[in-house]
Amino acid sequence: MSRIHPQNKAACLETICASNYQKLLSLIPNIRNLAQSAVGKASKKPDLQLEVLERSAHTLTVKLSHRFDQFPNDLWVPDVTVRVYLDAELVEVLRDHARSDVSRVYKDPGKTSEILNYKWQLNYFLLKWLDHCLSINYQFTDRKVTEVIA
């Protein structure tokens, strides 16, 4: 993927986070009411796994991954942790499978330009991945655990 360098990354980042919220809601319309996990299915494509890591009145923290089970020990890539701001209607990537949380990478809050670049790259990646998942038409259902008593 070629590098894109917008003039005003702060404004673009907010736009991307708002767009990611709309895309995530299109992909998983019942995200507010999901159980702890859900699976997205698409014809002849790897499952898309969602796990709710944290839930509060106005936010959800979720992990979203593809599961390639044809590999030994399963392969979960990409693997992103995102915070969904339900009240502000924004989605922000906290980390992905290849990069640590921004707070662990940049301990110095004075490095605003580097922090902004880091966040922008993570969220731009999510934007493109969600576009891909929507184009494939993944369908999500809650993963319910039921026991059959014989």
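**Exercise 1. Find which residues touch the most other members of the largest nonpolar core, and which elements build that core.**

Solution. Start with the core itself: in this predicted model, it holds 29 residues, and Leu50, Leu64 and Val84 touch the most other members. Next, sort the members by element. Two or more residues come from each of helix 1 (9-27), strand 2 (47-55), strand 3 (59-68), strand 4 (75-85), strand 5 (90-96) and helix 3 (112-136). Helix 3 supplies the largest share, seven residues.

**Exercise 2. List the contacts of leucine 64, leaving out residues up to four places away in sequence.**

Solution. Leucine 64 then touches Leu24, Leu48, Gln49, Leu50, Pro78, Asp79, Val80, Trp129, Leu130 and Phe140.

**Exercise 3. Describe how strand 1 is placed and paired.**

Solution. First check burial: of the five residues in strand 1 (37-41), four are buried, so the strand is mostly covered, with buried meaning under 20% relative accessible area. Then turn to pairing: strand 1 runs antiparallel to strand 2, and four bridges join them. One can follow alanine 38 across to its bridge partner in strand 2, leucine 50. Finally, inspect the connection: five residues separate the two strands of this hairpin, and lysine 44 in the turn has a positive phi of about 55°.

**Exercise 4. Compare the span of helix 1 with the expected value, then pick out its buried residues.**

Solution. Helix 1 has 19 residues and reaches 26 Å from first C-alpha to last, close to the expected 27 Å. Its buried residues are Lys9, Leu13, Ile16, Cys17, Asn20, Tyr21, Lys23, Leu24 and Leu27.

Methods:
Residues numbered from 1 in each chain as written. Predicted model: local features only at pLDDT ≥ 70, side-chain atom pairs only at ≥ 80, totals over all residues. Heavy atoms only, no water. Core = buried A, V, L, I, M, F, W, Y, C linked by side-chain atoms within 4.5 Å. Buried < 20%, exposed > 50% of the residue type's maximum accessible area, 1.4 Å probe, protein only. Contact = heavy atoms within 4.5 Å. Pairing = 2+ DSSP bridges. Expected span 1.5 Å × (residues − 1).
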